[in-house]
Amino acid sequence: MATVLICRRFPRLSRVTSFSATAKCKAKSGNSGNKQEKEENPGAASTGTEPAATIQLLNPLDYRVLYKPSAYAKGRAASQQDAAQSSGQALGDTFTSPGSTEVQPAFGTSSPPARPALRNAEAKPRPKLLLQQTISACLSAKEEAEMEKKETHNSKEDPRVFQKGRPEYRSLSYDKSEPVETLPLEEGDSILHSVAACEGSPSPGTITDSFLKLSRLPAEQHAALLSKPSFHTLCHSAAGNVGLFSTAELVDLLKACVRLALPPAHPLLDALEREFCRRVWDMELQQLLLVADCWRCLERSVPSYLSILFSYTNLHWKDLTLPQFVQLLYIIGEGRRAPADLAQKVESTILKHLDSFTLEEVGAICLGLFKSLSGISEHVMRRIADRVALQMEDMSTYALVNVLKMLRYTRMDHLPLLKELGKVIPARIPSTNIQGIMHITLTYSSLHYFDEGVMAAVAKSLPAKVTYCRSKDAAKFLWSFGCLDYEPPNEEEFYSSLIEQMHRKLHEFRKFPEHLLTGLLGLAFVKRFPEELIDYALRDEFVQKTRSSKYELRKDLFTLSKSVEIECPGYQGSRLSPQLHQEMTEMVLNFAEQEIYVRPEIVEATSLLESMLGGPEYVKSHMILPHTRSSDLEVHLTMDGHPIPFNSKDFLADKKLKHIGVSLTDDLMTQLIQGSCKKLDVENGARTLGQERRDKAPAAFSGRPLPTDTRWQAEPQSGGCLGAPLPPALQQQPRRLKLAVQVSNRNHYCYCSKRLLGLHCLKRRQLRQLGYVVLELPFWEWFPLLRHTRLEKLSYLQYKVFDPALLSKAG
């Protein structure tokens, strides 16, 4: 009996729920799979009952689970829309970004009645079971085999569908599925016997004819045929005399090898590849493309042959017909490499034939460019998107998904296509394979474009298909929904099914550690923290595996670890080492110094706040939460709204800099001796020392522009001249209101909306949990103000910082 996850929707006090879902699996005596499970888990063998599969989500800070059945059915979608209007991701802020693939039909599942939630999930920490034991203990060997069969069945769409659209592709590609007259098995033995009885070496024509006839034997006999000594003798004769074959005979011989399904590393194929490489310049383009297609059918990597082919096509580019061009791009994609010298020619040819391509050919072109990581200009991609947007209903879902892959790769917004996609794709989701659905979802999250209709359709369809998900697919679904901060109406069923699949696919994370972190971060964005998976991800062994990844995963580990530390104080599992935390903090802060703090909108806000509040000791531009990879302007106020100096480091640095450029005149000496703080002339311009201290209690903002003589000056303190010691407030810690001022930008939000993305929802949530009041300078207000006068900007900042609604939160 397969593991069944039991889930319930809890009251909307928080996005994270803490629950335990248990399904007991009956032991099956005499089953070899059970025998292995008993060896791995002696406790299960002794009790006669296999251990239950348990998935526990950590209890977040300040969250209690209440048993209220009437609340279970309530969703979060409606209230989330309201919240999005008042809130506001630049992952420069970037996480490991999800990538590509294709697939699958659906099957039904049933859910048993749910059980009540535990009132206190943290009361008794449970002993941790190894995740592999937890999952595999509930699956018999037979069930696991059936599951693997389901997961791999029809797992990929046919990328060669476009070849059926024009008869010209018949001469450019080889269709091994095309029916041929089958020969009886006895005739195959006769052919091998006659070749072996031939005196001397058989002629190339005889060898070719023999291979063609043998390839017509029933497919189920091919494996037996390849193991026969007489067939090895025939292959040896062909390889030894490969130079004597005509080009047409070589092509026929290669076709026969495709139908016979020779292993990619077969010695005969080695000889054929060398000979084709030698003959490229004497062959026709049609033959070259056909041979390349045969190599693809054999799943053999032939980089040398492809390199020569690309050189040949570069010289004969003007001779390419439309089908030859599309077939060439298909070959480029399947070879996973694109020659740089062809990029410009490819773009011009796409534009030349764009209106003549079939929609399937447009999909094939995009897939070839995507697989070969070939960047194309925004102009060309926009023209392709224009064509697709107008004819989307006539396009197959597979071809459409390939276009979306390239749209995502070029990171180009195209509103007409995305809007039309929202009309066409939801109805197709149930019949789309799982990897196609993943790419659709990933496109939306990568482009930061939110369409609730599409996302809800994906969420509704996914639980029934979830066992088709590879670890990669499950992780990217979680990332996409978390990135867009969307929890669908069936959120508990949706998330619990994906978390269970992540458990089931644990073995894949050893090879692809980036997928586990991708999924866990997506869950963290929506305040879900599966304890066992987090414990596994933060173990030293797993951290070591991440070092061999082609991605920089330490930042993701850092974000996950610190998020758990802040939001799950009861977590008792593995943690990152303090050394790694320190290392990542320094790396992120160094990046911020060079790339974030220097952004004009942040520099301007910092300077104006210092001027308004009284100096650098009242404002600190830094990362309050380095693991969220974006900056904040920290300001402290008393409970009645007076600014509090707290930034001693920047204050002293600023005062030290102020000494530079001061002319030591007799007048200045007189002022210093007398303790006067009148106007001082500095080389870079006149400045009053009174401006070093701003009014700690400015008048309430009236909503009108401030008059030109308005000053936010504080009364100078005794001895408050340059070089004076810090005021006592810097050493004291009175009860205060801590503001985290966010200077947002467009990358913090979904495209063309005020819907905040998941990472920044996580950041603001954690700031609040640490006692900060989050104050935003949204880009749609602040960026236009940057072109206005200084007085208007100061007026706006005073209105924001001393907003009575903010001050009321301090009560």
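This is a predicted model: local features need pLDDT of at least 70, side-chain atom pairs count only at pLDDT 80 or more; totals for chains, interfaces and linings use all residues.
Before we look at anything, one definition: I call a residue buried under 20% relative accessible area, exposed over 50%, and partly exposed in between, with a 1.4 Å probe and protein chains only. Helices (H or I, at least four residues) and strands (E, at least two) are DSSP runs, numbered from the N terminus.

Residues are numbered from 1 along each chain as its sequence is written, and side-chain values use heavy atoms, with hydrogens and water left out.

Let's start with strand β10, residues 772-777. How many of its residues are buried? The count is 6 of 6, so to speak a mostly covered strand. In general, side chains in a regular strand alternate between the two faces of the sheet. Here Y772, V774 and E776 take one side of β10, V773, L775 and L777 take the other, and all are buried.

Who are the neighbours? I say two strands pair if DSSP finds at least two bridges between them. β10 pairs with β9, residues 736-743, in the parallel sense over 6 bridges. Within that pairing, K738 has Y772 of β10 as its bridge partner.

H636 belongs to β6, residues 632-638. β6 and β9 run antiparallel, joined by 6 bridges. β6 also pairs with β5, residues 620-622, again antiparallel, over 3 bridges, and there H622 stands opposite D632. Is β6 buried or exposed? Mostly covered, I'd say: 7 of its 7 residues are buried. D632, E634, H636 and T638 point one way, and L633, V635 and L637 point the other.

Now, over to helices. α21, residues 434-446, has 13 residues and reaches 18 Å from first C-alpha to last, close to the 18 Å expected at 1.5 Å a residue; the expected span is 1.5 Å times one less than the number of residues. All of this helix is tucked away: 13 of its 13 residues are buried, so the rest of the structure largely encloses α21. Just after α21, H448 takes a positive phi of about 55°.

That brings me to backbone angles. Most residues other than glycine have a negative phi. E299, not a glycine, has a positive phi of about 60°, and K527 is near 65°. Where do they sit? E299 is in the loop between α13 (285-297) and α14 (303-315), and K527 is in the loop between α26 (513-525) and α27. E299 counts as exposed because its relative accessibility is 62%, whereas K527 is buried at 10%.

Last stop, helix α27, residues 531-537, which holds E531. With 12% relative accessibility, E531 counts as buried. E531 and G573 are 42 residues apart in sequence, and their C-alpha atoms lie 7.5 Å apart in space.

Thanks, everyone!
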